[in-house]
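Please find below my note on the model, arranged as numbered points.

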Amino acid sequence: MKAPVNKIIPFSNVDGPGNRTSIFFQGCSFKCWYCHNPETIHRCVNCGDCVATCPVQALEFQGDKVVWDQNKCVNCDTCIKTCRHMASPKVVEMEVEDILEKLQPLKNFIRGITVSGGECMLHAAFLKELFTEVQKMGLTCLIDSNGSIDFSRHEELLKVCDGVMLDVKAYDPIFHEALCDHSNDRVIKNLHYLLEKGKLQEVRTVILPKYPEENEETVRNVARIIQDHCDYKLLKYRPFGVREEALDKMGRVIASDEEVARLQKMAVEEGAIHTLIV
Ligand code: SF4
Ligand code: SF4
C-alpha cells in the first residue's frame, strides 16, 4: 500500500506533546482561506509550469510526467511558489516500510509521530498499517485532522491511534462553508464521537481578525462541548504563506492580543479550563 507524502519533518515540537516526527500527506478535502500549506491541497497535474523555474534543474519532464530529482533539489521552494494548482512536484509515493526506514535513526530521539496534511485521514487505511508498526517501536501516534472524514468508520485505526488533534475552524455551518468550501457537519459529529471515545488529544481554532462574532460563537460552543477533557488551543491567524483569499478577506492584520485573551477567558468560564493561546 502506498500514500503520497508531501514532506517529513524529522523533529517538531509544535505537532503534539514532546519531540515528534511530522509526516505531511498530500491532498485535502477542504480549501481553507488561511491554509498555511496550500501546496498540500491538490495533486500535481503535470502542467510543467514549475520545470523551467527550478534554478538547479531538479525538475524535468519524463514522458508526460514532471519528475523531481531529490538529490539535485536545494529546497528553495521556487516550484511551489510557481504552482497555480495548490500542488507540489516534490510529492513522493511511499510505502509504510519507506516511512519506517526514515524513523529508524530518529526513534531514540522522539516521543512519537504526528500525521498531518493536507488531510491525512484521506489515507486512513495506510495510517492503520503505519501506526500498527510505529507503536511496535514504542512510539506514540497522533492524527492532526480537519475532521472531514467520519472517524466512527475507522475504529480499527483509532485502536492504534494515541489521540486526535482536531481543527474546529468554525461552529456556524454557513461561515464554515464560506471559510473552508465544505460543511462542518462531520467535524462537529467527529468532535462528539472522539470525545466519547476518549481519543481527543486537543482541539484547535484559528482566531480570525475581522470576524469577532464568528470567533466567539466557535470558541463558546467548542468550550461547552469539550469542558476539561482535553486542551483547547486558540491560534492567531497569521497572514504569512496563506492563499490570496485570506489576504482579500482579512488583510495582513493579526487578531489582537486583547481579543484572543478575551476569548480564552470566555472559554475557561464555559468550562474548557485547559484553553491555551499559541
Ligand atoms: S524546491 Fe527543489 S525542485 Fe523546487 S525549485 Fe527549488 S530546487 Fe527546484
Ligand atoms: S507542481 Fe504545479 S506547476 Fe509543477 S507541474 Fe505540478 S501542477 Fe504544474
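This is a predicted model: local features need pLDDT of at least 70, side-chain atom pairs count only at pLDDT 80 or more; totals for chains, interfaces and linings use all residues.

1. Residues are numbered from 1 along each chain as its sequence is written, chains are lettered from A and ligands numbered from 1 in the order in which they are written, and side-chain values use heavy atoms, with hydrogens and water left out.

2. Ligand 1 has 14 residues around it, of which Cys54, Cys73, Cys76, Asp77 and Cys79 come nearest (a residue is near if one of its heavy atoms lies within 4 Å). By class, this shell holds ten nonpolar, two polar and two charged residues (Ala, Val, Leu, Ile, Met, Phe, Trp, Tyr, Cys and Pro count as nonpolar, Asp, Glu, Lys and Arg as charged, and the others, Gly among them, as polar).

3. The residues surrounding ligand 2 include Cys44, Cys47, Cys50, Cys83 and His85. Seven nonpolar, four polar and one charged residues make up its shell.

4. The largest nonpolar core has 71 residues, and Phe25, Val115, Leu130, Phe131 and Ile143 touch the most other members (a core joins buried Ala, Val, Leu, Ile, Met, Phe, Trp, Tyr and Cys residues through side-chain atoms within 4.5 Å; buried means under 20% relative accessible area, with a 1.4 Å probe and protein chains only). Helix H3 (residues 124-136) gives the largest share of this core, six residues (helices are DSSP runs of H or I, at least four residues).

5. Apart from that core lies another, of ten residues, among them Val51, Ala58, Leu59 and Val66.

Key:
Buried means under 20% relative accessible area, exposed over 50%, partly exposed in between (1.4 Å probe, protein chains only). Helices (H or I, at least four residues) and strands (E, at least two) are DSSP runs, numbered from the N terminus.
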